[in-house]
Amino acid sequence: MNGISVKNLSYDYGGKPALNNVSFEIEAGSFCALLGPNGAGKSTLFNLLTRLFVPPQGQIEIAGHNLHTDPRAALAQLGIVFQQTTLDLDLTVYQNLSYFAALHGISGRQRSVRIEEVLDRLDIADRAKQKARTLNGGHRRRTEIARALLHKPAVLLLDEATVGLDAAARASITDHVHGLTDDGTTILWATHLADEVRPDDRLIVLHQAEILADGFARDLQKDTSLQEAFLAMTRANA
Amino acid sequence: MSGYLTSLIAIVGREALRFVHQRERFVAALVRPLVWLLVFAAGFRAALGLSIIPPYQTYITYETYIVPGLCGMILLFNGMQSSLSLIYDREMGSMKLLLTSPLPRWWLLICKLLGATAISILQVYAFLGIAAMFGIIMPPLGYVAALPALIVAGLMLGALGLLLSSFIKQLENFAGVMNFVIFPMFFLSSALYPLWKMAESSVLLRDICAVNPFTHAVELIRFALYLDFNGAALGWTVLATVVFTSAALWGYSPEGTGIRRRG
């Protein structure tokens with residue numbers, strides 16, 4: 001079973017295509033980077049994968065559940081870290097996680113156990129009582145990743161999760177997220193920064209609403225750096 | 001515990017917590033109707049003669065007349081305040097968290113609506129308490145009888161706020177709501193003057209007031225405060241609640257959002 005399956009997905013804004021007949025599949029338990037310049041269609045794809053938008057054409061399956069015909073089962077298997085911070089800054093880290101758990105119907109002892117688990121996993125247990133407003137950018141992102149893992153999703157989507165972070169925090173978050181595949185979680189990591197992609201990562205390059213390349217990063221970059229290969233690809237198709 | 005109940009408690013609790021964090025919002029919500037009651041009504045009392053109209057059994061002061069309208073004003077402004085919060089949530093991204101939950105979207109929005117209504121009703125009772133301290137007292141049981149009316153009126157105005165928030169794209173556009181929704185709704189109603197008084201100046205204005213759902217919400221509260229029942233007002237208010245809620249739920253559905261986004 002695939003973690004994510006996207007078939008013939010299209011979307012437009014008032015006639016301007018944002019995604020044009022996009023198809024790809026990501027194997028369960030694997031890491032896939034979605035690389036594309038600003039405006040490539042990454043955020044639109046994420047809005048469709050999270051059912052914030054409904055595609056006029058195409059099909060999406062999350063962990064085997066059709067997002068259109070069985071949205072509740074599909075969304076229950078989805079953890080999401082949005083590009084924009086979605087923490088309630090007036091609540092503590094624990095309260096933010098607790099609120100999210102409730103939105104997934106998790107309550108009582110199960111809720112507190114799960115919260116402690118994810119806080120430990122992301123190394124932020126000591127921040128639990130801190131208000132989100134007082135956290136630095138790196139810890140806010142960790143809190144959001146912890147929150148996204150709270151309901152044990154089969155698939156984790158991260159939309160430019162390292163935007164605005166310094167190099168050390170970016171590296172730390174990227175390492176953490178790569179490690180999440182160890183327990184079978186499927187990861188789709190959207191970024192416009194080639195240095196966040198490792199040679200062994202599956203890589204999909206999205207450009208001008210279409211998939212430009214799909215394969216392993218090392219195969220796509222060949223003898224050059226991924227950054228150069230990416231720029232060459234996008235320039236050639238500008 | 002059912003996921004539905006868990007989410008209801010969490011969303012209502014968060015609304016309450018947010019309200020507690022914004023003490024100035026509570027003060028503003030009370031100061032506005034109190035200024036109307038203690039300043040405007042005091043000055044207006046001499047200019048406006050009131051006849052005996054249902055549900056009143058005798059002549060009443062103007063201050064007494066406008067209390068139900070000011071209760072409606074609190075609900076109206078709170079409905080718009082919750083709308084503003086929803087737009088803010090959407091701009092800040094936290095609305096996405098709600099909309100990507102596996103629980104049905106309609107349920108999550110209903111929870112938001114219930115939370116906002118509960119907060120509004122608390123403020124109405126605080127206002128009624130202060131009004132009583134100034135000698136504007138309703139029949140004691142009227143305070144209890146008014147609760148269901150306040151719930152229905154609060155839900156209707158909260159649903160209107162929800163509907164507006166689903167169509168307003170940016171926080172900056174919200175100023176227009178003040179001019180095109182709140183003021184016309186409040187002034188073209190029976191909150192400040194009885195409809196017969198309005199008809200003396202313009203029959204057309206009276207007719208507009210008569211179809212304004214806010215008029216019926218105010219009348220529902222007015223009758224309930226005096227242990228009376230206004231079936232027509234209840235019918236209109238419930239109908240408006242159903243229409244506003246349905247339209248808001250469509251506006252927030254992935255299909256509704258998508259159509260507006262795609263133009």
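Visitor: In which hand does helix 1 of chain B pass helix 5 of chain B?

Guide: Please keep in mind that this is a predicted model. Helix 1 of chain B makes a right-handed crossing with helix 5 of chain B. The axes of helix 1 (residues 3–21) and helix 5 (residues 105–133) of chain B come within 9 Å and cross at roughly 40°. That angle makes helix 1 of chain B oblique to helix 5 of chain B.

Visitor: Which residues of helix 1 and helix 5 of chain B make the contact?

Guide: Helix 1 of chain B contributes residues including B:Tyr4, B:Leu8, B:Ile11, B:Glu15 and B:Phe19. From helix 5 of chain B come, among them, B:Trp107, B:Cys111, B:Lys112, B:Gly115 and B:Ile119. By class, this contact of helix 1 with helix 5 of chain B has 13 nonpolar, 2 polar and 2 charged residues.

Visitor: At what angle do the axes of helix 6 and helix 11 of chain B cross?

Guide: Helix 6 (residues 140–167) and helix 11 (residues 231–252) of chain B cross at roughly 30°, and their axes come within 8 Å. Helix 6 of chain B is therefore roughly parallel to helix 11 of chain B. The crossing of helix 6 of chain B with helix 11 of chain B is left-handed. Among the residues that meet are B:Val152, B:Met156 and B:Phe167 in helix 6 of chain B, and B:Leu234, B:Phe244 and B:Tyr252 in helix 11 of chain B. The contact of helix 6 with helix 11 of chain B divides into 16 nonpolar, 5 polar and no charged residues.

Visitor: Let us turn to the sheet. In what order do the 6 strands of the open sheet in chain A lie?

Guide: Strands of a sheet pair through backbone hydrogen bonds, either parallel or antiparallel. Here the order is 6-7-8-3-9-10 in chain A, and the pairing is mixed. Strand 6 (78–81) and strand 10 of chain A are the edge strands, each pairing on one side only. From one strand to the next, the twist averages 15°.

Visitor: Do strand 6 and strand 7 of chain A run parallel or antiparallel?

Guide: Strand 6 and strand 7 (residues 155–159) of chain A run parallel and are joined by 4 bridges. Within this pairing, A:Val81 stands opposite A:Leu158 in strand 7 of chain A. By contrast, strand 9 (residues 202–207) and strand 10 (residues 210–216) of chain A run antiparallel, joined by 6 bridges. A:His207 has A:Glu210 in strand 10 of chain A as its bridge partner. The hairpin of strand 9 and strand 10 of chain A has 2 residues between the strands, and A:Gln208 takes a positive phi near 50° there.

Visitor: Which strands of chain A does helix 1 of chain A lie across?

Guide: Helix 1 (residues 42–49) of chain A lies across strand 3 (31–35), strand 7, strand 8 (186–191) and strand 9 of chain A, running at about 145° to strand 7 of chain A.

Visitor: What does UniProt place at residues 4–233 of chain A?

Guide: An unreviewed UniProt entry places the feature "domain: ABC transporter" there. Over residues 4–233, chain A is 34% helix and 27% strand, with the end C-alpha atoms 25 Å apart.

Terms used: Residues numbered from 1 in each chain as written. Chains lettered and ligands numbered in written order. Predicted model: local features only at pLDDT ≥ 70, side-chain atom pairs only at ≥ 80, totals over all residues. UniProt positions renumbered as here; feature names shortened; annotations may be inferred. Axes fitted to C-alpha atoms, helices over the stretch in contact; angles between N-to-C directions. Parallel < 35°, antiparallel > 145°, perpendicular 65-115°, else oblique. Left-handed = near helix turned anticlockwise from the far one by under 90°. Contact = placed C-beta atoms within 7 Å. Nonpolar A, V, L, I, M, F, W, Y, C, P; charged D, E, K, R; others polar. Pairing = 2+ DSSP bridges.
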